[in-house]
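Here's a quick walk through some local geometry and one chain-to-chain contact. Have the model open as you read.

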Amino acid sequence: MSSAVQTPPDASVEETTTTATYSQRELIWRRFKKHRAGVAGGCVVLFLYVCVFLGEFLAPHDPAHRYYNYVHLPAQRVHIFSEDGIHWPFVYGIKKAFDRQTGIKTYTEDAAVRYPVYPFARGAEYTFYGLFRTDIHLLGTGKGNPMFLLGTDRFGRDMLSRIIVGGRVSLTIGLLAVFISLTLGSALGVISGYYGGHVDNLIQRVIELIFAFPSIPILMALSAILPPEWPSHLVFMGIVTVLALVGWGGLAREIRGKTLSIREADFVLAARVAGAKDRRVIFRHLLPSMFSHIIVIATLAIPGFILGESTLSFLGLGIKPPMTSWGLLLSDAMNIHSLSLYPWLLLPGVCIIIAVLAFNFLGDGLRDAADPYSSR
Amino acid sequence: MINYIIRRLLHMIPTLILISMVSFAVIQAPPGDMLTSRLAELAEQGELGSESAMAQIDALRERYGLNDPIYVQYVRWIWKIISKGDFGQSFTYEMDVMELLVERLGLTLTLTLSTLIFTWIIAIPIGIYSATRQYSIGDYGFTFLGFIGLATPNFLLALVIMFIQVSVFEAESVGGLLSPEYIGAAWSWAKVVDLLKHIWVPILVIGTGSTAGVIRIMRGNLLDILGQQHIQTGRAKGLKEGKVIVKYGVRIAINPLVSRLGLELPGLLSGAVVTGIVLGLPTAGPIFLTALTSQDMYLAGAFLLLSATFLLVGNLLADILLAWLDPRIRYE
């Protein structure tokens, strides 16, 4: 990377002589580490992605398997103590009772039966990303035995497993959509800011047009266009595209603003005076110097995409089965009757809130770290 | 001022034309024309081939000139809207789109605007409190609530509130705008009370996210301004602290909020649509969703067109309000 890329030495950062040896990246990292909420957010984000990456290994059950004997089972507790002392962690068996008058099933713990919870237990078979087949899960009580730590849904499917596998879709959609809209947004934003004039005008009018529509209705309308006969992985890509198409405008505007502010900076002028072509100026000077800001903008844009996807899926216009996502899982809670009886159906919503909060905190932390003029 | 408004209105025309084109594109996008789904429906009912049904199809094909090129269809569609306010026919409801939408859209916009007012009434005092007592427990509390509010999607908040109503307060009817016994009843005091008992839920659901945003901005703005010299001057003159904050601080800090009014509206309208669906309100949200899932595209297109137009007008009004409030803004 040429030396012109470096931002000019910043007197406000630190005046001690040692800082001269730190690169910009190190300075940002040091400043980020001081932002406690940002670091915590980053850790949560990392944790969530590791969880959904491990997916089937972490999930105790096959997320699609229907345990018809345990429909709408409330969350089971893991016990260590019983009346006869301390044990290896275990869950009790389930006794089912059916109230004929109200038609409500109730489950009670069957103290006579215990299922010890073992690490690396054998359970349902799965293929790990098409690499190898295995039936080992992080925690389990053996194949077919009950251990539903977050309860089950209306088909007796394990909520915990579904939340983990659904999270993979929700979180991946956020990343993919931000990647596409960022590519589109930074290309058009830089062009718009760098060239100005008619091109700028045209791009800004297009963005205005997108912003003229309320976001959720236009997202709904565009995803309703996806052909209903598409299989779920195509629908997945379709939803990513729709989110990115509606979402790039805001990113482009911010990047255009950044471009405008550094277009006249000395190092850019120097490059142009030295005879660099537009392409070289944009790719070697403008984009690299904005890189940290682009990362910040992207991080802060991800929550919007996650919320957008979950709303679409919740309304039945997004991800479709057999794939699942947090929003789609929540659509089971739309019925107020089942919601009041089975409140654990709301758990995927907790995941959405945690993920969005974590990204927001991470983004705030990165923004403060990347901004050389902040006083913190 | 009049000049400024006229110029803004003229500027709106090309945007409106583009908006109508996008809305029309959405209508046209699904494969097949809108009669394909109608034909499938008739076939399902076993009425395909019956004379009256075919006559209806032919009449509709005639009416919309479905064999014409697409731009002719667009011009005809938009001309009918401009000249007669005719947005076409809804197939699922078998009504004029306009007839179907007018009341529901009105209710949606009323809900959106009352949420906006509610948001401001709640958020501005909290913002002032947070800014004047920076880093107090209350400030941290509101900041935390604000983060949660921004992170919770509307539909989830609606579900949570309904859940609390049912399980904690054991409410019998949740959702909707009226209890069943008042629907269709004549307006009376009891009905108004019943409406008020219901309407706070959608207002709370739609408004929470934007309340959090407004608090954050108000707090930031006011903190910036409280550090400025004219505040110090006011205090030095011996003015009461309350007067300094309200007349010297809030008066200026509120201007950026007014300029954000136009940005706030799309989010609120989106929220109103989703909330209407979850809570089963008689707003435009539920029929928009039905229109999309049953490919009743004239209805969906009309809703998109009308809501975008509403946002444009809202933006214009916000700008006029700002120009009127803030003497520093010139509108040449």
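Predicted model: local features only at pLDDT ≥ 70, side-chain atom pairs only at ≥ 80, totals over all residues.

In chain A, strands β4 (residues 118-128) and β5 (residues 132-140) pair in the antiparallel sense, over seven bridges. Pairing here takes at least two DSSP bridges between two strands, and helices (H or I, at least four residues) and strands (E, at least two) are DSSP runs numbered from the N terminus.

Residues are numbered from 1 along each chain as its sequence is written, with chains lettered from A and ligands numbered from 1 in the order in which they are written.

Is A:Y129 buried or exposed? A:Y129 counts as exposed because it has 9 C-beta neighbours inside 10 Å; the cut-offs are 20 or more other C-beta atoms within 10 Å for buried, 12 or fewer for exposed, and partly exposed in between, with C-beta atoms placed from the backbone.

Chain B has a residue of this kind too: B:Y135, not a glycine, has a positive phi near 65°. Look for B:Y135 in the loop between α5 (97-132) and α6 (137-151) of chain B. B:Y135 counts as exposed, with 9 C-beta neighbours inside 10 Å.

Back in chain A, a cis peptide bond joins A:P321 and A:P322, with omega about 5°. A:P322 belongs to the loop between α8 (278-314) and α9 (326-330) of chain A.

## Two helices packing

Helices α2 (residues 36-54) and α3 (residues 159-195) of chain A pack at about 115°, their axes 8 Å apart. Axes are lines fitted to C-alpha atoms, for helices over the stretch in contact, and angles run from 0 to 180 degrees between N-to-C directions. From α2(A), A:L48, A:Y49, A:C51 and A:V52 meet A:I164, A:G167, A:R168 and A:L171 of α3(A); contact means C-beta atoms, placed from the backbone, within 7 Å.

## Where the chains meet

Chain B puts 41 residues in contact with 36 residues of chain A. On the chain B side, α7(B) gives the most, with eight residues.

How values were computed
Contact = placed C-beta atoms within 7 Å.
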